[in-house]
Amino acid sequence: MNPKFSEQHLFKTLLFLYGTLVAIWIPGAFGAKGVDVSQRTYINAWKCLKSDGYKFAIIRCFQSSGHPDPNCPHTIYNAWDGGMDHVDIYFFPDPRAGNAAEQMDAMVSNLDKNNIKPRSKKPGTYGMLWLDIEGPQYWTSSKSENRNFFTELAKRAKHHGIAVGVYTSASQWGPIMGEWSGGSGYPLWYAHYDGSASFSDFKPFGGAEMNLTVSVKPHPKCNACGVKISWFTSSTLPNPALVILPLSL
């Protein structure tokens, strides 16, 4: 979901370092390889990825065009049926259109029609919704309006009983939100594209305390199961205990 790549970029390998929050979903686990997808992905692809050691999926369920992703529901079912241990979803909003609550309602309605509920029984379920905060070109020029939109989006998700996290980085959050602590308390999916499996470059921003950090490592030349993905090496990972400490967004 890096703006340097297309929103349609199919797969990025993720390193998930589980703090207390995500340990609820995969007890005892502190690290797993996963992918995020923005197009329909079939059961055979998930099974192939599972055999290659991928355990975690994050699936796009709302598009920057302002509409629910029609491929989302079936891809959720396919991910579970393909052997994924955990499935989350992400939301790429359309801030310029406004109506944050209506956008969230539209996504929820699309999932409801397919009998998919948050934190319910497999396979009609998902764990967390990640709000994709990136690409200043998708947002308004008013940081105040952007903050209000984000606040309303997260509020509406909570109204539907959805656990919310934030996908962003300092280079994206600042131009969109400024020095604002409105992301405080949300888990952070922290993307940095330096090719190094390390958090040594992390610097607090936005004033938001985070429970979780996720490192995204693009490597577009790598392929798995016939699909372009990104990857990381785990040889330089920090001590997992660092993950449960409060971080800043």
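Reader: How many bridges join E8 to strand E9?

Author: In this predicted model, E8 and strand E9 (residues 188-190) run parallel and are joined by 3 bridges. Within that pairing, Thr-168 stands opposite Tyr-190 in E9. The chain passes from E8 through helix H5 (residues 170-177) to E9, and this β-α-β crossover is right-handed.

Reader: Which sense does the pairing of strand E7 and E8 have, parallel or antiparallel?

Author: Strand E7 (residues 128-132) pairs with E8 in the parallel sense, over 5 bridges, and Leu-131 stands opposite Val-166 in E8. Together with helix H4 (residues 143-159), E7 and E8 make a β-α-β unit that is right-handed.

Reader: Why is strand E8 described as largely enclosed by the rest of the structure?

Author: As a general idea, the side chains of a regular strand alternate between the two faces of the sheet. Here, 5 of the 6 residues of strand E8 (residues 163-168) are buried, so the strand is largely enclosed by the rest of the structure.

Reader: Which residues does a disulfide join?

Author: In general, a disulfide is a covalent bond between the sulfur atoms of two cysteines. A search of the whole structure finds 1 disulfide, which joins Cys-61 to Cys-72 with an S to S distance of 1.8 Å. Cys-61 lies in strand E3 (residues 54-62) and Cys-72 in helix H2 (residues 72-81), 11 residues apart. The link of Cys-61 and Cys-72 is right-handed, with 45 degrees about the S-S bond.

Reader: Is Cys-61 buried or exposed?

Author: Since buried means under 20% relative accessible area, Cys-61 is buried at 1%, and Cys-72 counts as buried at 0% relative accessibility.

Key: Residues are numbered from 1 along each chain as its sequence is written. This is a predicted model: local features need pLDDT of at least 70, side-chain atom pairs count only at pLDDT 80 or more; totals for chains, interfaces and linings use all residues. Side-chain values use heavy atoms; hydrogens and water are left out. Buried means under 20% relative accessible area, exposed over 50%, partly exposed in between (1.4 Å probe, protein chains only). Helices (H or I, at least four residues) and strands (E, at least two) are DSSP runs, numbered from the N terminus. Two strands pair if DSSP finds at least two bridges between them. A crossover is right-handed if, with the strands pointing away from the viewer, the path from the first strand over the helix to the second runs clockwise. A disulfide is a pair of cysteine sulfur atoms within 2.5 Å.
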